[in-house]
Amino acid sequence: MSLKVHNSLSRKKEIFKSITDGHVGMYVCGPTVSGESHLGHARPFITFDVIYRYLLYLGYKVRYVRNITDAGHFEEEGREAEDKISNKAVIEKLEPMELVQKYTNLFHWAMTQFNNLPPSIEPTATGHIVEQINMIEEIIKDGYAYVANGSVYFDVEKYNTDYSKKGLPYGILSGRNIEEQLDTTRDLDNQEEKRNKNDFALWKNAPPEHIMRWKSPWGEGFPGWHIECSAMSTKYLGDVFDIHGGGMDLIFPHHECEIAQSTVCNHKTPARYWLHNNMITINGKKMGKSYNNVIKLSELFGGTHPVLTQAFHPMTIRFFILQTHYRSTLDFSNEALMAAEKGLKRLWEAYENLQKLDIKNQISSDKALEEKIKQSLAEFDEFMNDDFNTAKVMANMFELVPVINGIKNKQLPADTLSGSIIELLQQKMKTYLENIFGLKGDGVDNEQLNGVLQLLINIRKEAKAKKDFVTSDTIRNELIKLGVQLKDEKDGSVSYSVN
RNA sequence: GGUCCGGUGGCCGAGUGGCUAGGCAGAGCUCUGCAAAAGCUUCCACAGCGGUUCGAAUCCGCUCUGGACCUCCA
């Protein structure tokens, strides 16, 4: 049973084999820190976090590189060529790096909220200007880029002509044919500098008003749209590495350009497996800046967006995302999130119940069920090995819930399962929920709160004993309003859960 | 216009040529002082039309329809 991943290059599932035994190099396109992250951004970072965690679970030593794009790219749409970041900085009266820092911090905060593991290396574009310039020089030297008015452009046509012969045409990833797209490209800024409309900038000459600027062999300017990822992935992962990830919307032109640049420079196709997550949609439309339909993460966690009726915990979002396969679109709605919230609560409570079950040295009284559970647990790995099918693992987990709760609440005999399978369940669920899926409880483990609640529970017990149901119900109802739910267990004990 | 991907029950979503996906919501029951929780049972599907097949939601064709990319975009 080996890991299979869907490779965007071949558009097929392929058996994953790392270049170096036991090691995986993975590069994922990170955020542009010129604004606050929204729900759509959360998907790749959660998706690839789980992929990272799963690779670790499989025993690989993984170098996970995720960049921070902190050098501004362009604003198009007929405007003057401007550095996006410096443009906004002027509006907000901030230093560019101050703005970048602010949004980097906010991004890191969100990643922590989601319980995403930090990448091994998180390089910034501004920290790798030298590497980018070096790479551009290489490309010029090889004859695949040309200088025009202090800017440098990649010669797509020449690349396509030469590399098509080697079976590596421009468009290899996105399935595009450059001849067919000539008429569709809109008027871009400084179009006249390009020899060909398909050419893209490696380096842009900075107009005087540009704040972010660096000296280069071609004058003062800033790096082009795609070169940072090529430069940084090469530097930290080598000419060829295992996995390159990102959102599907980056396939063209971003990843296509990356392939062209790196291939010229390193004479090799940079990544073996290209993995792309699908979009989060809202009312069927992609969530994105251009559509004006984004929900920022802070709005989600705070419940402050108009379409939301409540705040949503980061773990709810994480669970919501993992209930879908990463290559499918995920349609967001307040209702869908509420459903995810309830589902996660049920799953998590069963998980906590499971961890509290006594492991007794007993033989199962329900062999058929025991076999079914063994099968179900074995499928966890199978499903993950099949292109990270977290949705199917989740479905299996939910099928375990009634069994666990049934035993706990004595709706099933205590010896329904053998001690060994209970132990296996406990281990496997812990590994999957916490280590691989990266979910965690809300961490309400407050002695003070617990003491207060025990006091109330005892008072209520006394009231109930005296059939003073007015008092007992008042306590229960008031606690509900405060988000604490009391549960009268079968054995007469009382437990509670905090929302 | 080009390239590509979808259309699954009230909602979100897996999936495979023949076996209940799963979650949320709804209904009934058990438990309970009443609830909640939990358990059990249950309703509601595979856009449409043809074709292949013993058998298709799953394969093929057509129609309708939604979306992504082609421009910064996760």
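A polar contact is defined here as a pair of N or O atoms within 3.5 Å; within protein, one atom must be able to donate a hydrogen and the other to accept it, and residues adjacent in sequence count only if both atoms are side-chain atoms. The model is predicted: local features need pLDDT of at least 70, side-chain atom pairs count only at pLDDT 80 or more, and totals for chains, interfaces and linings use all residues. Residues are numbered from 1 along each chain as its sequence is written, chains are lettered from A and ligands numbered from 1 in the order in which they are written, and side-chain values use heavy atoms, with hydrogens and water left out.

At the phosphates of RNA strand B, a polar side-chain atom of Ser 328 lies 3.1 Å from a phosphate oxygen. In total, 64 residues surround RNA strand B, and the closest are Trp 225, Lys 285, Lys 286, Thr 324 and Asp 331; a residue is near the strand if one of its heavy atoms lies within 4 Å of it. Of the RNA atoms that come within 4 Å of the protein, 67% belong to sugar and phosphate.

Helix α13 (residues 390-408) provides the largest share of the surface near RNA strand B, with 7 residues; helices are DSSP runs (H or I, at least four residues) numbered from the N terminus. Ile 407 also lies in helix α13. Ile 407 counts as buried, at 11% relative accessibility, where buried means under 20% relative accessible area, exposed over 50% and partly exposed in between (1.4 Å probe, protein chains only). Beyond its neighbours within four places in sequence, Ile 407 is in contact with residues including Leu 357, Leu 412 and Pro 413, contact meaning heavy atoms within 4.5 Å.

Glu 228 is placed in helix α7 (residues 227-237). This residue is buried, with a relative accessible area of 3%, and its side chain makes a polar contact with the side chain of Asn 67 at 3.0 Å.

Chain A is assigned domain 1 (4-277), domain 2 (282-436) and domain 3 (447-498), the bounds coming from an automatic or database domain assignment. The centres of domain 2 and domain 3, taken over C-alpha atoms, are separated by 28 Å. Between these domains, 4 residues of domain 2 are in contact with 5 residues of domain 3.

Terms used
Helix = DSSP H or I, 4+ residues; strand = E, 2+ residues; numbered from the N terminus.
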